[in-house]
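Subject: Structure handover and notes

Dear colleague,

I am passing on the structure we spoke about, with the sequence alongside it. Please open it first, and then read the notes below with the model in view.

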Amino acid sequence: MMRAVPRVRISATEARRVALAAQGFAEPRRAGGRAIRRLFDRVGLVQIDSVNVLSRAHYLPGFARLGPYNRDALDRSAHYAPRRLFEYWGHEASLLPVELQPLLRWRMARAHDEAWGGMRRVARERPELLEDVLDQVRERGPLAARDLAEERPRRSGPWWDWSESKKAIELLFWSGEVTSARRRNFERFYDLPERVLPKAVLDAPTPSEEDAQRELVRLAAIAMGVAAEPELRDYFRLPAATVRPRVAELVDARELLPVEVEGWERPAYLHRDARIPRRVDARALLGPFDNLLWERGRVERLFGFRFRLEIYVPKPKRVYGYYVLPFLLGDRIVARVDLKADRQAGLLRAHAVHLEPAAPLETADALRAELELLAGWLGLTGVAYS
């Protein structure tokens, strides 16, 4: 039974600064030392996406918070021993600290019921294929999907470019029976968990679904600082029906504090360790898959900024561009810029820059400096403005 907890009130400005501090934007950017560990201590996980018009998505949250850090350090953490990160379905396809693997075993256990239809069909109609694919990985791994012995892909609706063995290996990945050993040119190589993950992680006890999901809600609350219940659910894509009781338990334990946020129609929760900085002096380009932008309604409430992905929008219907990065200055999002890394010409191309109505006078100079910093980090020689 949840005890009555007094609901406090915070201003919209305080909520915005809490959110930025929780995500690591209220402290100076430092790219050295334990930068990757600091990044994941703040954000919990990063999303992976295949679009490479600028940079792979999982690299950009680090640049936004750390500055021009060494991307090889992130790759080493995800690909080589001692393994610190692993790939799984967190918030979509994600890189997560290996310590979180036991908290996601309940999702692995549900894979045969909750995976996409093509995978479930293979498991239902061809269970022997799952065993065969697993044997191939056991005997010859790490393997890419194209290395698996199987017939050519058949065109079958949205699965037209996935062979039966590709669907099988993806279901095995979802169920945790194989994992990602590494990626090469973004192609995933699969291997057995016992050959990839630390023994201490594999030997860790499996928590109950309730305990695991409560901990994931707690980690989401730490990473967001202040959030409404749907946003606590969305951070790790938790089942909607299970989140409300987990939130209630965290409120009862005084880890989450119910708060009223100025201008928010729905109740919110503040993590007990959240900081409310007096000011935030951030300067960052936010990749379109950045953690801060995941829940669009929360972005709009925090920043008065409406953000939508236009990658999959036909070109004539795009408003701002194909690969648009919002620009954070101070504690506000003040502009957005459509970017492309032209690697052949050695240039970072800014196809369009759109300032927000209340952008301060220093926005253009600050954005120019950040674009030059980004170009250098990407190994490009300069910035070209259209």
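This is a predicted model: local features need pLDDT of at least 70, side-chain atom pairs count only at pLDDT 80 or more; totals for chains, interfaces and linings use all residues.

As background, nonpolar side chains in soluble globular proteins tend to be buried together.

Now to the chain as a whole. Its secondary structure comes to 15 helices and 15 strands, and its C-alpha atoms fill a box of roughly 65 × 65 × 45 Å when the principal axes are used. How does the radius of gyration of the chain agree with that of a compact globule? For 386 residues a compact globule would have a radius near 21 Å, and because the chain has 22 Å, the two agree. Of these 386 residues, 54% count as buried, while the accessible surface comes to about 18000 Å², with 49% of it belonging to carbon and sulfur atoms. If you take the contacts between residues at least 6 apart in sequence, 65% of them join residues that are at least 24 apart. As for charge, the chain has 65 positive and 55 negative charges, and their mean positions lie 3 Å apart.

Next, please look at helix H15, which spans residues 363-377 and is where Glu370 has its place. Is Glu370 buried or exposed? Its relative accessibility is 0%, and therefore it counts as buried, the cut-off being under 20%. Not counting residues up to four places away in sequence, Glu370 touches Arg29, Phe63, Arg283, Ala284, Leu285 and Phe327. Ala375 is found in helix H15 as well, and because its relative accessibility is 2%, Ala375 also counts as buried. With the residues up to four places away again left out, Ala375 touches Leu348, Leu380, Gly382 and Val383. By contrast, Arg120 stands 255 residues from Ala375 along the chain, and the C-alpha atoms of the two are separated by 44 Å.

At the other end of the numbering, Ala12 sits in helix H1, which runs over residues 12-22. Ala12 has a relative accessibility of 21%, so it counts as partly exposed. Beyond the residues up to four places away in sequence, Ala12 touches Val261 and Glu262, whereas Gly346, which is 334 residues from Ala12 in sequence, is 42 Å from it in space, C-alpha to C-alpha.

Which residues are joined by a cis peptide bond with omega of about -5°? They are Ala81 and Pro82, and Pro82 lies in the loop between helix H4 (71-79) and strand E3 (85-90). Another cis peptide bond, with omega about 0°, joins Gly141 and Pro142, where Pro142 is found in the loop between helix H8 (127-140) and strand E5 (143-144). Within helix H8 you will also find Gln136, which counts as buried because its relative accessibility is 8%. Gly141 is one of the residues that Gln136 touches when those up to four places away are not counted, and the others are Leu143, Asp147, Leu148 and Ala149.

Glu92, in strand E4 (residues 92-97), has a phi near 60°, which is a positive value in a residue other than glycine, and Glu92 is partly exposed, with a relative accessible area of 34%. Arg254 is not a glycine either, yet it has a positive phi of about 65°. Its place is in the loop between helix H13 (240-252) and strand E9 (256-261), and with a relative accessible area of 38% Arg254 is partly exposed.

How values were computed:
Residues are numbered from 1 along each chain as its sequence is written. Side-chain values use heavy atoms; hydrogens and water are left out. Helices (H or I, at least four residues) and strands (E, at least two) are DSSP runs, numbered from the N terminus. The radius of gyration is taken over C-alpha atoms; the globule rule is 2.2 Å times the number of residues to the power 0.38. Buried means under 20% relative accessible area, exposed over 50%, partly exposed in between (1.4 Å probe, protein chains only). Contact means heavy atoms within 4.5 Å. Accessible areas come from the Shrake-Rupley method with a 1.4 Å probe; for residues, only the protein chains shown count as cover. Lys and Arg count as positive and Asp and Glu as negative; His and the chain ends are not counted. The place of a charge is taken as NZ of Lys, CZ of Arg, CG of Asp or CD of Glu.
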